[in-house]
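Could we go through this structure together, one question at a time?

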Amino acid sequence: MSTNTNLLEAKDVNVAFGGLRALSKVNLAVGRNEVVGLIGPNGAGKTTMFNTICGIVTPDSGSLSFENQPIGWPATDELANLGIARTLQGVGLFPELTVIENVMMGAQKFARTGLFRASFGINGRDEKALKDRAHYALERVYSASLSNSHAGSLSYPDSKRVAIARALVSHPKLLLLDEPAGGLGAQDIEWLNRLISDLSGEMSVLIVEHHMDVVMSVCDRIYVLNFGEVISSGTPDFVRNDPAVITAYLGADAQ
Amino acid sequence: MFQFINTLLIGITSGAIYALMALSIVLVWRSTRVINFAQAGQALTSTFIGFQTLHYINSFWVALLVAMIGGALISALIEVTLMRVLLKHSSSGAIAGVAPIIATLGLLEVLQGTITLIWGGADVLIAPPLSNVGFTIGTNTLVFSPMKLAIIIIVLALLALLSLIFQKTSIGLSLRAAAYSPELARLAGVRVDAVRTLGWALSGATGAVAGLLLVSNGNGSFSTASMEFSLLLISGFIAAVIGGLESVLGAVLGGLALGIITSFVLMYVSDSLFFIAPFVILLLVLFIRPQGILGKKGGRRA
């Protein structure tokens with residue numbers, strides 16, 4: 001992938017927690033409209049990499065650029081404005097809020113009302129526009145009928161759909177999905193595969209996933225992390241047959 | 001029966017003021033997880049701002065508005081210059097949970113010292129804008145007066161405004177989300193720092209109203225050393241705990257419950273229990289239902 005088509009590019013990322021090296025010289029790029037997978041055994045550093053991109057973990061060194069511009073390491077609340085949205089492992093919704101409110105949270109960057117006017121509820125049109133956006137995002141994941149339910153009362157698969165809607169509502173250029181298939185049944189996984197394929201026409205997707213069927217079927221390229229280092233990267237076919245990957249997953253005896 | 005209604009109305013009026021103070025404590029707790037003991041000093045400062053305004057413009061209602069704005073600005077300033085720095089610098093170790101609370105205690109003294117420097121220690125007067133002579137029913141005169149009625153109406157209006165902000169505006173949604181889970185809110189694009197400042201500002205304005213209404217509920221006189229403001233803080237804190245510390249509705253119910261119960265104890269048991277009754281109620285709540293009447297077991301989720 002040539003540099004000028006990259007949407008996101010992380011270079012030489014090092015992260016250590018105390019004496020433990022969590023990421024070591026990790027290089028990772030996501031092209032425009034590309035679906036990229038990040039896989040590896042438990043504790044390989046996948047979520048740490050996500051957290052680093054999202055400003056939750058500050059790396060010891062390394063650089064990040066987005067749309068070919070160096071962006072430093074953005075604060076978490078700057079991501080939405082940059083055009084990056086993320087879902088979390090598990091559910092990550094506000095259980096006390098309704099489904100539509102949860103999704104509206106993700107659309108805050110479109111709120112044009114100033115703090116003072118918003119505080120006094122003056123701009124009703126703005127509120128309605130946010131609600132419409134949220135409703136549309138929910139329709140996209142077939143969950144519009146759940147709008148007024150409390151997020152805490154949803155089934156697990158429904159919660160995952162709503163979490164995706166909250167990420168989509170900000171119209172991201174890059175969508176980060178952290179184990180989206182975790183805990184889902186076969187039917188929901190099939191739906192997820194179709195959704196990710198559809199989304200790749202509109203945005204880039206970086207996905208951390210243990211479910212190999214999903215990764216192999218939706219990703220254009222895959223990075224494999226082990227003990228904080230990239231041990232392999234390339235097309236699904238290349239990675240699947242890479243001896244280094246097989247060893248990491250199945251142990252040295254597999255060779 | 002007459003005495004019962006009288007006692008109830010007195011209880012509701014003081015309960016409404018406690019509810020405001022409880023609300024100002026809850027707003028700060030929800031936005032930064034700090035119990036703000038300086039709120040008594042902030043409310044007193046705001047009340048003095050109202051007093052000073054009355055010197056220039058002879059309208060209680062203008063003074064109330066100016067005090068609210070002054071209270072909001074002071075509170076926002078405390079959050080930005082002190083709390084934000086303190087919370088960042090004392091995020092780990094034994095001091096982490098305690099430092100901000102001790103800081104608010106120190107701030108309480110600083111505020112009280114500062115207003116004594118500016119306004120002196122003598123009693124000053126804010127004349128209540130409405131009569132404090134009770135309504136008459138037949139031959140009986142209630143303690144409940146036009147001023148007390150106005151207090152209840154003002155508190156209700158303020159509560160309606162706050163719930164409108166919380167439930168119907170996107171900034172209210174951000175305030176709620178940041179309270180439940182700041183990390184998740186940030187990820188959704190909420191500027192949590194700004195939202196926290198707004199939470200403190202709302203708390204400061206609410207505390208200012210509590211201060212001015214407290215003074216107006218009595219004879220209007222107060223001083224920098226007023227015991228009433230310390231009691232207001234304690235009552236507000238107890239009401240907030242009764243309500244579960246997290247909930248706006250809980251704070252209101254807690255304030256009303258505290259006001260009404262205290263009023264009945266003073267009337268029907270003994271008025272020498274004035275200082276004891278609220279603490280007994282606090283201890284009972286902590287023993288029987290430590291999460292408060294509306295609090296959930298296990299604290300915040302999300």
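What follows is a conversation about a predicted model.

Reader: Let's begin with chain B as a whole. What radius of gyration does chain B have, and how does it sit beside the value for a compact globule?

Author: Happy to start there. Chain B contains 11 helices and four strands, and its C-alpha atoms fill a box of roughly 65 × 45 × 35 Å along the principal axes. A compact globule of 302 residues would have a radius near 19 Å, so the value for chain B agrees with that expectation: 19 Å.

Reader: What percentage of the residues in chain B is buried?

Author: A residue counts as buried if 20 or more other C-beta atoms lie within 10 Å of its own. Among contacts in chain B between residues at least 6 apart in sequence, 73% join residues at least 24 apart. Of the 302 residues in chain B, the buried share is 50%.

Reader: Now to where the chains touch. Which helix of chain B gives the largest share of the side that touches chain A?

Author: The contact draws on 28 residues from chain A and 23 residues from chain B. On the chain B side, α5 (146-168), α6 (170-180), α7 (182-187) and α8 (192-217) each supply at least two residues. The largest share is seven residues, and the helix that provides them is α6(B).

Reader: And by class, how many nonpolar residues does that side of chain B have?

Author: The side in question is the part of chain B that touches chain A, with 23 residues from chain B in the contact. Five of its residues are polar and five are charged. The nonpolar count is 13.

Reader: Let's look inside chain B at α3 and α4. At what angle do these helices pack?

Author: Helix α3 of chain B covers residues 60-89 and helix α4 of chain B covers residues 99-119, with their axes 9 Å apart. The crossing of α3(B) past α4(B) is right-handed. The packing angle is about 145°.

Reader: Which class of residue makes up the contact of α3(B) with α4(B)?

Author: From α3(B) come I78(B), L82(B), M83(B), L86(B) and L87(B), while α4(B) brings A99(B), P100(B), A103(B) and L107(B). The contact has no polar and no charged residues. Its nine residues belong to one class: nonpolar.

Reader: Over to chain A. Which residue of β4(A) is the bridge partner of E9(A)?

Author: Strand β1 (residues 6-17) and strand β4 (residues 61-66) of chain A run antiparallel and are joined by five bridges. β4(A) also pairs with strand β5 (residues 69-70) of chain A, in the antiparallel sense over two bridges. The bridge partner of E9(A) in β4(A) is S65(A).

Reader: What phi does E67(A) have in the turn of the hairpin?

Author: The hairpin is formed by β4(A) and β5(A), with two residues between them. E67(A) lies in that turn and has a positive phi of about 55°.

Reader: Where in chain A is N33(A) placed?

Author: N33(A) is not a glycine, yet its phi is positive at about 55°. With 16 other C-beta atoms within 10 Å, N33(A) is partly exposed. Its place is in the loop between β2 and β3 (35-39) of chain A.

Key
Residues numbered from 1 in each chain as written. Chains lettered and ligands numbered in written order. Predicted model: local features only at pLDDT ≥ 70, side-chain atom pairs only at ≥ 80, totals over all residues. Contact = placed C-beta atoms within 7 Å. Nonpolar A, V, L, I, M, F, W, Y, C, P; charged D, E, K, R; others polar. Axes fitted to C-alpha atoms, helices over the stretch in contact; angles between N-to-C directions. Left-handed = near helix turned anticlockwise from the far one by under 90°. Buried ≥ 20, exposed ≤ 12 C-beta atoms within 10 Å, placed from the backbone. Pairing = 2+ DSSP bridges. Rg over C-alpha atoms; globule rule 2.2 N^0.38 Å.
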